[in-house]
Amino acid sequence: MATAAAEARVRQEKVKKFEDFVDRRLKPDLVNAIAQRDKVFQQQKTFLDLKRNIENLEKNGVTSMRSMVNLGSEVPDTRHIFVDIGLGFHVEFTWQEALQFISVREARLARQIDEYTHLIASIKAQIKLVCEGIRELLELPAE
């Protein structure tokens, strides 16, 4: 009788440890990975919008434009643009140079998205595995 009670207590302690591991480690890791992937998706969208805008400027032959915000002086020449390359740095590019940079950046962002997607899948698999272990410890029927 005492042995059965001791075994049940040990099982409950193991279940508690597994539940704590899922709640304190795996779930926050999953939330963080999803947030990081969402940031990369947003960067990808920004570069896609910039690419589309540059292509529209080229297609329509726009060489000057009027800004809606006073930039200190009107923008007489649109053939060069400044692109945020990261870490607060901006580089002046021609349209073609900007399109080349965007292509390289889009490929890098796509790789990052794939890496985060694999990480998310891995964390979800770990959560499922731990939950299956908890179910076995509690000897519950499979769902």
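**How do you know that?**

Modeller: Let's start at the strands: Phe82 has its bridge partner in E2, and that partner is Glu92. This is a predicted model, where local features need pLDDT of at least 70 and side-chain atom pairs count only at pLDDT 80 or more, while totals for chains, interfaces and linings use all residues. Residues are numbered from 1 along each chain as its sequence is written, and side-chain values use heavy atoms, with hydrogens and water left out.

Colleague: What makes E1 and E2 a pair of strands?

Modeller: Two strands pair if DSSP finds at least two bridges between them. Here six bridges join E1 (residues 80–86) to E2 (residues 89–94), and the strands run antiparallel. Strands are DSSP runs of E with at least two residues, helices are runs of H or I with at least four, and both are numbered from the N terminus. E1 and E2 make a hairpin with two residues between them, and Leu87 in the turn has a positive phi of about 55°.

Colleague: Why is the pair Phe93 and Phe101 called stacked?

Modeller: A search of the whole structure turns up two aromatic pairs. In the pair of Phe93 and Phe101, the ring centres are 5.4 Å apart and the planes sit at 25°, so it is stacked. The rule takes rings of Phe, Tyr and Trp (its six-membered ring) with centres within 6.5 Å; planes under 30 degrees apart are stacked, over 60 edge-to-face, and the rest tilted. Ring pairs also link Phe47, Phe93 and Phe101 into a cluster.

Colleague: Is Phe93 buried or exposed, and how do you know?

Modeller: Its relative accessibility is 13%, so Phe93 counts as buried. The cut-offs are under 20% relative accessible area for buried, over 50% for exposed and partly exposed in between, with a 1.4 Å probe and protein chains only.

Colleague: Which residues are linked with Asp49 in a network?

Modeller: Salt bridges link Lys45, Asp49 and Arg52 in a network. Asp49 and Arg52 meet at 3.4 Å, N to O, and lie three residues apart in H1, about one turn of the helix.

Colleague: Why do you say that Glu106 and Lys51 tie parts together?

Modeller: Their side chains meet in a salt bridge at 3.7 Å, N to O. Glu106 belongs to helix H2 (residues 95–138) and Lys51 to helix H1, so the pair ties together parts 55 residues apart in sequence. Glu106 is buried at 17% relative accessible area, whereas Lys51 is partly exposed at 23%.

Colleague: Which residues does Arg37 touch?

Modeller: Leaving out residues up to four places away in sequence, Arg37 touches Ile113, Tyr116, Thr117 and Ile120. Contact here means heavy atoms within 4.5 Å.

Terms used. Salt bridge = Lys/Arg side-chain N within 4 Å of Asp/Glu carboxyl O.
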